[in-house]
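Student: Could we go through this structure step by step, beginning with the overall content and then turning to individual residues and packing?

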Amino acid sequence: MRPFPLPLDLTTPPQHPFLSSSDFDLVPPGWSATFPRGWTNSAWRSASASSGTCARASSAPPSSPSTMIVTWKNVTFAGGSVNTNAKYVTNTFQLVVTTDEIRTYALFNYEYMRWTSHTEAGGSTDDGQGGVPAYVSRPPRFGRRESGVRPRLRSRSPGCLNGIGEGLGRAPFLEPYSQKLYIRDLSTSGNANGKPGRHIFRIDEKILAGCCRREEDLMDYPLTFAPEHGNMMGGTLVNLTGPCFKVTHRLVCQFDTTAVEGRVLDENRAACVMPQLFVSGYVDFSISINSGPYYWKGKFFVETPLTAPEGVWFKDDSYQQHTPTDIKIAWLAGNLTMNRDAQVTISLWGYREISIYRKSLHRHVVRRTPNTGNYILVPGDYANRDNRDYLDLEMGLIMINLTTPEPAYGLEDSTVVWSRPIPLAWYFRPQWERIYGTGWTTAMCDRWIENDRNLRNFAYEVERCPCLLKQAVADKGRFLPDFSCDRDGNTECDYHFGAIHCVRTALPNKDGAGQQCCYDRDGYLMMTADKMWGGNPHRAHNLGKSPFDEANKVPSLSHWYHDVIPFYTCCKWQGEQSPGCVTYRFERRVSQDCVGYQPPTAATVFGDPHVYTFDDLQYTFNGKGEFVMVRVDSVRHVLDVQGRFEQIPVNYLGDARASTLTAVAAQDNVSSVVEVRRRPIDAMWRYHLDVIVDGTRVYFDRYSQKIQQFKECVVYTPSNILNQSHVIIMFASGAGVEVMENMGYLGTRIYLPLSFANITRGLFGNWTFDPQDDLVLPDGSSGPVADANNIELIHKDFAMKWVLDDKENPDVGKSLFFHENSRSSNYYYDPDFIPEWKTTPELSPNATTPIEDINRVCGDSYQCYFDYVVSLKRDFAVMTKYYQDQFVNIKGDGLQEVVSCGALPTPPHGRKSTFNFLSGAEVKFDCDPGYVLLGEQRRWCYASGDWNWPEDGEATCVTEAEYLGMQAGVTAGTVLAVLLPVLIALLCYASYVRNKQRADFPEDAVRRGHGTRRSFNQFFPRSKRDSSPEPRPGRTVDLRAGDTSPGLKHDDTQV
């Protein structure tokens, strides 16, 4: 039988040459009615088979976007009697595999199934019935496979029911049909696309069935649904497939602990609308049929309002203003319905937290309009509204839903699209002004300050910020990028003007609080004491805190309510120097300087493999198996980090006596177990690493899933990594594990804060700041003397002692790896493996690799030289040198402690020459135009961590008018300071003379009047009225007339 030729007309299905059934849509070999995007017919393949044989096709998936079609026509069973009509008892079925290199699908068409068993399995020789029914193979996963196992087309039995096998690490048989009597149902079940006998699967990263499955004898009930994620605020329409439905079934969908009514659409499909869930991360998703148990289950990822894709967005930043003229919005109209004439309702949802146990959302309908995807809101239209019971709603979201739910789904609730959190001043401002007047911003800021002062003080319990950007980036155990200001992703930094990168604490503390640190283009920490745009501690962490439904712990909403909206009312709408903003910057959300920050230490393993311990001891260990890299078991910390080492591929000489790191698993205290595993080279077309959390694979290719929170840990990939080749695990203790893949070679680094000192064990050594005692055995005793040149001694007497067994050992623990395919730790363990013992092995005389190239690539790195000579692969040596240099630079620069003098506030209405406050820094102050600088103009940071003493006082900026007034006061003060001592001196002298005169004349003489006039007139001249000469003795003086009379004697007592 020859392959069916490719027709010229590819838009109309040709008549199949072998099948006459007009009601069964069996795709003929070499034809497809539609071409997926970017495909060409030259990439297609086809195969067919004659009666009684199996069609075969390529043993590997196509290397280019393609479709493969294999048809089995009139396949008979083995052992049929020649004396009967057994040769006419046949099965006909078909396989279609199609891929666009992102998603891969397998389609099975079963036209008729007339036999179930061959005679060797006990089947009848006449009709192939009875005995043990044949196998039905699963479709293969083309995106991922186990190392060393290739996907292949093969026959599972002489009956060859579909001719395709799994070969990828899971049971290769389709349940529940394999070896079951209801294998006959294959031609009548499935109903994919409404066609009986059609079964469809998605087969890239995991097998997802697109048709219902029989429930009999199933060990588990995997639920297939899409999408697998949704906004926490709810409204996402979830389509699901699992059991074989009936339209009369009552369906209940349960998201986490919230149940909603669903609707059965047909035998294969049902739908429900996601409710509001005040959680983040993965939750259980299950369904119940007719009030039965929740057997069918899956995992649903709940996105926070700040990380979920925007269903509603704004054309400009007018929504951030308190008096905009209009607000232009747009939304994903197709996510609601494809009917653009359908009416939608635009609503405003406000959020507030009244008490620690109560939170509330309130809805205000804004407008109804057709589903065009665009609308202009005019705030003036809502100026006369009266929402007196909701005037404390300062932030919220915009929601758009269908006014009448889509009738095709028959659900009571409509699908919904949401905006991200926004301030609501554009809506409530007229009402606020009617109550608070034009100073409503001040009143609302004062209200927040009062409320925040009544809450628990949290800032002193969060992590201290690193001093420099390079420290913040290197501290991968405590800080992760803030995706609202990320140098590798979103560089807008709307709330941190002038910053190029911000980081946040990965996990909230016990009270749900977190830290934020922002850095300027020079890499220095930005402080609110300098500008209002600096980073600050947050009362509520963006990811929330379990239990998520309490006030202060709701993902995103609590963070906006407590930390973001006050920035608008106190600073952005009032000004940086306003009293409210000063309180916000210097009291309620003040940036913490880096005084007291302790950078973590780090250890690494890379290459063949080469180890740098926490104390920088270097050695090489080429074991095979699963080993303990770090183990901590103390009162304060419990941590296990394990590595799997497998032999490297053989080189072109057929010899490779070395191993390499292929997987890392870690757990901190009671956290989730996280494993990062290298994928095989030919399975790295999309993802380079597999991330397995508690036995389930998770993926990070969507922006909203770049950061994923699990039990007591966070796993994330940098925003600029699109192939999942760089994964960071961060634990609540501050420990971090970084796994990198480049060109198929793995390297890992482990970061530990200072609290782990003196309690670590394992291949990464005992962290005591002394490399001589690093090699400690599992029982706590000292190992061999550290000698990097004696690889054999370290291998046998130290490293192999840390191998993991299937049985838990109290000294080394148990394996944390997720073992598949009936494998275990012992599968990878090989105690008889003899690696290369020389630190600098000799290049084989049969090698064609020039020694000059080895020296040129490796320089003085013996690790690079070792890997090049052993593997004879240049790229292996290049990556070893790269990982080594990268680690040395990180530990020698980014993880070095620096001396900080602490914050030096910028004076109000002034500026500084630099935000550097590290040892050796010189800071110059200046003032804005219209202001004059007073006080110390320069400050220096000493190596002791102290600023120099401001001899002229702290720098301040005053207005020119104030300065002139101060100058006038100084002048007046100077004059007064000169005259006052003179006056005081004269008065003192006068007092002195008077006292002396009194001493010269006795008191009785003064009483008789002697010498009084002389004393008096000595200092005060006579007046015109008393200008007559002093009377002589014997002459009378008439004091009333001013004349003298002869013969009258002068009497002093009369005077």
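Tutor: Helices, taken as H or I runs of at least four residues, and strands, taken as E runs of at least two, are DSSP runs numbered from the N terminus. The model is a predicted one.

Student: How many helices and strands does the protein have?

Tutor: Counted as DSSP runs in this way, the elements of the protein are 13 helices and 47 strands.

Student: What percentage of the residues in the protein is buried?

Tutor: A residue counts as buried when its relative accessible area is under 20%. Applied to the 1055 residues in the protein, this gives a buried share of 53%.

Student: Against which helices do the buried residues of α5 pack?

Tutor: Helix α5 spans residues 579–588, and its buried residues are G580, C581, T583, Y584, R585 and R588. The helices against which these buried residues pack are α2 (440–454) and α4 (557–572).

Student: In the packing of α2 with α4, is the crossing left-handed or right-handed?

Tutor: The axes of these two helices come within 9 Å and cross at roughly 145 degrees. In their contact, T441, C445 and W448 of α2 meet H562, P566, T569 and C570 of α4, and by class the contact has 4 nonpolar, 3 polar and no charged residues. As α2 passes α4, the crossing is left-handed.

Student: And for α8 and α9, is the crossing right-handed or left-handed?

Tutor: Helix α8 (residues 851–858) and helix α9 (residues 862–871) pack at an angle of about 145 degrees, and their axes are 9 Å apart. On the α8 side the contact is made by I851, D853, I854, N855, V857 and C858, which meet C864, Y865, Y868 and V869 in α9; by class, this contact has 8 nonpolar, 1 polar and 1 charged residues. The crossing in which α8 passes α9 is right-handed.

Student: Is K476 buried or exposed?

Tutor: K476 lies in the loop between α3 (469–474) and β24 (479–481), and, leaving aside neighbours within four places in sequence, K476 is in contact with I728, I729, M730, G736, E738 and Y751. A polar atom of the K476 side chain also lies 3.0 Å from the backbone oxygen of V473. Because the relative accessible area of K476 is 11%, and the cut-off is under 20%, K476 is buried.

Student: What separates the C-alpha atoms of K476 and A735?

Tutor: Along the chain, K476 and A735 are 259 residues apart. The separation of their C-alpha atoms is 8.0 Å.

Student: With which side chain does the side chain of T67 make a polar contact?

Tutor: T67 has its place in strand β2 (residues 66–75), and T67 counts as buried because its relative accessibility is 4%. At 3.1 Å, the partner of the T67 side chain in this polar contact is the side chain of T98.

Technical notes. Residues numbered from 1 in each chain as written. Predicted model: local features only at pLDDT ≥ 70, side-chain atom pairs only at ≥ 80, totals over all residues. Heavy atoms only, no water. Axes fitted to C-alpha atoms, helices over the stretch in contact; angles between N-to-C directions. Left-handed = near helix turned anticlockwise from the far one by under 90°. Contact = heavy atoms within 4.5 Å. Nonpolar A, V, L, I, M, F, W, Y, C, P; charged D, E, K, R; others polar. Buried < 20%, exposed > 50% of the residue type's maximum accessible area, 1.4 Å probe, protein only. Polar contact = N/O pair within 3.5 Å; in protein donor to acceptor, adjacent residues only side chain to side chain.
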